[in-house]
Amino acid sequence: MSLGKLIENLKVNGPHVRDATGRGNLAVLKSMLGPAWRGLIKQTGKEGTTTALPVAHDVHFDWQYERDRTEMARLYEAAKVSQWNAATDVDWSLDVDPDNPERALLPDAYVPVKGLPIWENLSRKEKNKQVHAVTSWMLSQFLHGEQGALFAACQVTTAVPWLDGKLYGSTQVVDEGRHVEVFHGYLTRKLEKLYEINDNLYVIVDALMSDSRWDVKFLGMQIMIEGLALGAFGTLRKMTREPLLKDILKLVITDEARHVHYGVLSIQEFVEKGISERERREREDWAFEVALLMRNRFLAHEFYDEFYAHAMTRKEWDEVVNRSEMMQMFRQTMFKRIIPNLKRIGLLGDRVRPYYEQYGLLAFEHGRAAPELSAQDLLDDAA
Ligand SMILES: [Fe+2]
Ligand SMILES: [Fe+2]
């Protein structure tokens, strides 16, 4: 990347880096700086067809082979009998037509400019094109997140010290592989449009992948990203009128419900038994930084570059997105899943509560956390 482009990215992404490192906890700062540099300034995730990222974490062999975690063992059994095949259990013969109002991909409100004159003056055809693009953008981010989840599942399977955790983890590896397959299939065969990874999503995936602490991987992937994904999948499934997408999301949600449950079980045990107060605080701060990145920074710049860069500055776009109905919806669903789980695993202590409160996020704390929430609840999008 040229020096000019680096400086330009530094200027544009300065506030994003600040969000990624804002709580001032030195340990958190250290763990986030590398990912923020690679994701926001160097835009590593957009550099080429592959990205190489050196990682370093301990893998744990378990020579005792003790099966002593019954809830995890139950999850493992459930996972084995709930496998599905993305190639044959989804009806790929269904046609997707973004111009058919009976099978609309998403409501117009998913395009952040809806309601503004710049949107209202567009033809129906052009609006459909943008709804199609925004759907592709979101699903592309899910796809990239699923690739991250696939790697994270591999990592935690090697790193978790208990056999029941490893056995369960092996099923999640297969699940995530299938999710990559199914989203990639839908994007390339049906929507025929694929976007690059969003820089902020890259930062989060990079951060948990390169962190040496296995519980931070769980926290980042199973609680934060999967919590976000569950919220987003549930809302999308409710909002879309496209039958194939509805089916795919239903299958994926059922798997993800187990993944979040696995994350809650593992971290809860780890936090309760295994760490010092200082370490617990680091996790608390880390989770808050990631929550902030998620809340503030998924602003669909890749979509903006394509459709609105000629009409407004990026700063104006950010303001439009932040005020939009779509963003309200997005935040609502995202934190509805994450906050109760953070509370359950003991990472929403008095020290950080005011920070969450400042962003209105404590409103979600009384929602149900993972084990009480069945896959059916999630499909019904129940709180
Ligand atoms: Fe997944
Ligand atoms: Fe998952």
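A nonpolar core is a set of buried Ala, Val, Leu, Ile, Met, Phe, Trp, Tyr and Cys residues joined through C-beta atoms within 7 Å. A residue is buried if 20 or more other C-beta atoms, placed from the backbone, lie within 10 Å of its own, exposed if 12 or fewer, and partly exposed in between. The model is predicted: local features need pLDDT of at least 70 and side-chain atom pairs count only at pLDDT 80 or more, while totals for chains, interfaces and linings use all residues. Residues are numbered from 1 along each chain as its sequence is written, with chains lettered from A and ligands numbered from 1 in the order in which they are written.

**View 1. The chain has 15 helices and zero strands.** Helices (H or I, at least four residues) and strands (E, at least two) are DSSP runs, numbered from the N terminus. Of the 383 residues, 45% count as buried.

**View 2. The largest nonpolar core holds 96 residues.** Val134, Ile204, Met224, Ala287 and Ile338 have the most contacts inside this core. Helix 8 (residues 214-239) supplies the largest share, 14 residues. Two residues are in contact if their C-beta atoms, placed from the backbone, lie within 7 Å. Leaving aside residues up to four places away in sequence, Val134 touches Tyr110, Val111, Ala300 and Phe303.

**View 3. Alanine 300 sits in the loop between helix 10 (277-297) and helix 11 (301-307).** Its phi is positive, about 55 degrees, although the residue is not a glycine. Alanine 300 is buried, with 26 other C-beta atoms within 10 Å.

**View 4. Glutamate 192 sits in the loop between helix 6 (163-191) and helix 7 (199-210).** Glutamate 192 is not a glycine either, yet has a positive phi of about 55 degrees. Glutamate 192 is exposed, with 10 other C-beta atoms within 10 Å.

**View 5. Helix 3 (residues 70-81) has twelve residues.** At 1.5 Å a residue helix 3 should span 16 Å, and its end C-alpha atoms are 17 Å apart, which agrees; the expected span is 1.5 Å times one less than the number of residues. The buried residues of helix 3 are Met72, Leu75, Tyr76 and Ala79. Seen down the helix axis, they fall within an arc of 105 degrees, so they line one face of helix 3; the arc is that of the directions from the axis to the C-beta atoms. These buried residues pack against helix 6 and helix 9 (243-274). On the other side of helix 3, Thr70, Glu77 and Val81 are exposed.
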